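Visitor: I'd like a close look at one part of this model, the kind of spot where side chains pair up. Could you pick one and walk me through it and its surroundings?

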Amino acid sequence: MEELYDQYKSLMFKLAYQMTGSIADAEDVVQDVFFKAFDIHPERLKEPKAYLCKMVTNRCLDLQKSARRKREVYVGPWLPEPIRTPEEDMLEKVVRRDLLSYAMLVLLERLTPTERAVFVLREALGFDYPEIAELLDKRATNCRMLMSRARSKLGIPEEEPVTAEAVDLDWVSRFLTSLEQGNVEHVLSLLSEDVVLVTDGGGKVVAATSPIQTRDQVALILAGALHGLKSQGSLHSEFAPLNGETGIVLRLEDKTEAVIFLQHRSGKFDRIYVVRNPDKLTRV
């Protein structure tokens, strides 16, 4: 069993994390599944990858029911917990092609738990439809229908790859510099007309309690928030490998204040996600 743990824990963690959006939940799922797997007769583990992934998927589907109830009373928008992805971190090492972009994880909240399972298994982990059907105890045709429905909800055409446009770090640097200098006009020039800002404070720190969808307001709120943090002490920003991409970490003295993800499309930033809930920043 120890050999199976070493071989499959990374895959199971990737699956559980993308199903739940929570590092703690994903780790609990992996531990719970392996604890239960110790009592399984070896004959039933002839296909360990499929069996363990099925256990993880079922456990995550159960968790999603309670998670949705909790999010109904969550203060403000709920965003997934950022995860560091340096190569040297064995448990949280997530190969780039096996991890959906952070923006996609946010969108997955629109899906039902079963749609999300099909989408993650197919698009992130590369399972084919017969394999997914086996994991979910459904027919392959049903899984294809669930995938089609999920893509429709996410606004992704059937044949379009699920990939995010790479963010130019020079653009990000200019964006941050403009914010720090209070150059709102230049910030506006970098934002798309339909930009959306989503901040997650969880009711524990100052954050917008609903998405901001006006470009002028997005620029003013970001510049004002950064100015407010700088007034409290030494604030610095750094690029960090998060969720298989480059995120921005804001630190006030030695305390992590926020993680920012920018989505770049057609030469402009059109989605900005700011995680401020301190409970979601402990791993960063």
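Guide: A word on terms before we start: helices and strands here are DSSP runs, a helix having at least four residues (H or I) and a strand at least two (E), and they are numbered from the N terminus. Please also keep in mind that this is a predicted model.

Let's come in by way of a pocket. Helix H2 (23–37) and helix H3 (48–72) each supply at least two residues to the lining of the second largest pocket. H3 contributes the most, with five residues. The space in this second largest pocket comes to about 440 Å³. Its lining has 20 residues, and those nearest the centre are Ser-22, Asp-25, Lys-70, Arg-71 and Trp-78. Sorted by class, the lining of this pocket holds eight charged, seven polar and five nonpolar residues.

Trp-78 leads us to the spot I'd like to show you, as it is one of the residues in contact with Asp-200. You will find Asp-200 in strand S1, which covers residues 191–200. Is Asp-200 buried or exposed? Its relative accessibility is 0%, so Asp-200 counts as buried. Setting aside neighbours within four places in sequence, the contacts of Asp-200 also include Tyr-74, Pro-77 and Leu-79, along with Ala-207. Further along the chain, Asp-200 touches Val-274, Val-275, Arg-276, Asn-277 and Lys-280.

Now for the pairing itself. Asp-200 and Lys-280 form a salt bridge through their side chains, at 2.5 Å from N to O. Lys-280 belongs to the segment after strand S5 (268–275) while Asp-200 sits in strand S1, so this pair ties together parts that are 80 residues apart in sequence. Lys-280 is buried too, with a relative accessible area of 8%.

Asp-270 and Arg-265 form another salt bridge, with their closest N and O atoms 3.3 Å apart. Here Asp-270 is buried at 7%, and Arg-265 counts as partly exposed at 46%. Asp-32, Lys-36 and Arg-59, for their part, are linked in a network of salt bridges.

To finish, let's step over to the largest pocket, whose space is about 940 Å³. It is lined by 36 residues, and Ser-101, Ala-103, Thr-163, Ala-164 and Glu-165 are the closest to its centre. Two or more lining residues come from each of helix H4 (102–107), helix H5 (113–124), strand S3 (245–252), strand S4 (255–265) and S5. The largest share, five residues, is from S4. By class, this lining is made up of 18 nonpolar, ten charged and eight polar residues.

Definitions and conventions:
Residues numbered from 1 in each chain as written. Predicted model: local features only at pLDDT ≥ 70, side-chain atom pairs only at ≥ 80, totals over all residues. Heavy atoms only, no water. Buried < 20%, exposed > 50% of the residue type's maximum accessible area, 1.4 Å probe, protein only. Contact = heavy atoms within 4.5 Å. Salt bridge = Lys/Arg side-chain N within 4 Å of Asp/Glu carboxyl O. 1 Å grid on protein atoms, 1.4 Å probe; cavity = no way out; pocket = protein on both sides within 12 Å on 5 of 7 lines; lining within 4 Å. Points joined across faces, edges and corners; volume = space filled by probe spheres on them. Nonpolar A, V, L, I, M, F, W, Y, C, P; charged D, E, K, R; others polar.
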